[in-house]
Amino acid sequence: MRFFVLPASLLLAVAAHAAPQQDRSDDEMARMLADKGLIGQLQQVRQTVSERTSDLVVTAIGFLGVPYRRGGNTAEAGFDCSGFVRAMYNQTVGHMLPRRAEEQAAATEKIDREQLKPGDLVFFNTMRRAFSHVGIYVGEGKFIHSPRSGAQVRVEDMNGSYWQRRFDGARRVLAGPADEVKAAAVAHSGN
């Protein structure tokens, strides 16, 4: 037993000695930010954005099985790809995207495929023209969309050969001024 206690004690002593000393000015800065409530506000805004993205994906998944309908904007009538994306963002985030897929691509920020996060938009060339199809990235290389006539809203793997060959880019929907005001109001009301 004594053979285990001695090495453990030495490891603890070395770890305690090797731990960096915290700078007093960092502590003062943290206290000042906490006193003014800024840390709480920033954390609340970050949490609100994260919850909205999660809500968006969860809401979209709730529409699995809704039939495709060209020009469709509602679950009752059915969705086409851009109508589905537009409805999900409007219902969940309160952000109104343009109606057509290529307009949605133009109204959002281009990101690299490696930067994709749940809630981002993924575009595909399915009709021999750029941005002819759109879906919502759900994570782990998968996206949800309303694919085509005769099909239903479903989740697909972007790494499948069909989608991989037609991938046309990824976009992020940025918070508009109204969205930022809402997030700030929520953060401020939390204090």
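## Starting point

In which helix does Ile61 lie? Ile61 belongs to helix H3. Its relative accessibility is 38%, which lies between the 20% and 50% cut-offs, so Ile61 counts as partly exposed. Together with Leu64 and Val155, Ile61 makes a nonpolar surface patch of about 220 Å².

## The model and its confidence

This is a predicted model. The average pLDDT of the chain is 79, and 64% of the residues score at least 70.

Over residues 1-23 the pLDDT stays under 50, and the model has two contacts for them beyond four places in sequence. Residues 180-191 also have a pLDDT below 50. For residues 180-191 the model shows 13 contacts beyond near neighbours in sequence.

## The chain as a whole

Seven helices and eight strands are found in the chain. The chain has 191 residues, and 34% of them count as buried. Its accessible surface comes to about 12100 Å², with 55% of that belonging to carbon and sulfur atoms.

Contacts can also be sorted by separation in sequence. Among those between residues at least 6 apart, 54% join residues at least 24 apart.

## Nonpolar cores

In soluble globular proteins, nonpolar side chains tend to be buried together. Here the largest nonpolar core has 25 residues. Phe79, Phe84, Met88, Tyr89, Leu121 and Ile136 have the most contacts inside this core. Two or more residues come from each of helix H3 (38-61), helix H4 (81-92), helix H5 (101-106), strand S4 (121-124) and strand S5 (133-139). H4 gives the most, with six residues.

Met88 shows which residues meet in this region. Beyond its neighbours within four places in sequence, Met88 is in contact with Leu56, Thr59, Ala60, Phe63, Phe79, Val93 and Ile136. Another core, of nine residues, lies apart from the largest one. Val122, Phe124, Met158 and Trp163 are among the residues of this other core.

## Phe143

Phe143 is in strand S6, which covers residues 142-145. Is Phe143 buried or exposed? Phe143 counts as buried because its relative accessibility is 0%, and buried means under 20%.

Leaving out residues up to four places away in sequence, Phe143 touches Val122, Phe124, Gly135, Ile136, Tyr137, Val138, Arg154, Val155, Glu156, Met158 and Trp163. Phe143 and Val57 are 86 residues apart in sequence, while their C-alpha atoms are 9.5 Å apart in space.

Note on methods:
Residues are numbered from 1 along each chain as its sequence is written. This is a predicted model: local features need pLDDT of at least 70, side-chain atom pairs count only at pLDDT 80 or more; totals for chains, interfaces and linings use all residues. Side-chain values use heavy atoms; hydrogens and water are left out. A nonpolar core is a set of buried Ala, Val, Leu, Ile, Met, Phe, Trp, Tyr and Cys residues joined through side-chain atoms within 4.5 Å. Buried means under 20% relative accessible area, exposed over 50%, partly exposed in between (1.4 Å probe, protein chains only). Helices (H or I, at least four residues) and strands (E, at least two) are DSSP runs, numbered from the N terminus. Contact means heavy atoms within 4.5 Å. Patches are made of residues with over 30% relative accessible area and no salt bridge: like charges are joined within 9 Å, nonpolar side chains (Val, Leu, Ile, Met, Phe, Trp, Tyr) within 5 Å. Accessible areas come from the Shrake-Rupley method with a 1.4 Å probe; for residues, only the protein chains shown count as cover. A salt bridge is a side-chain nitrogen of Lys or Arg within 4 Å of a carboxyl oxygen of Asp or Glu. pLDDT is the predictor's confidence in each residue, from 0 to 100.
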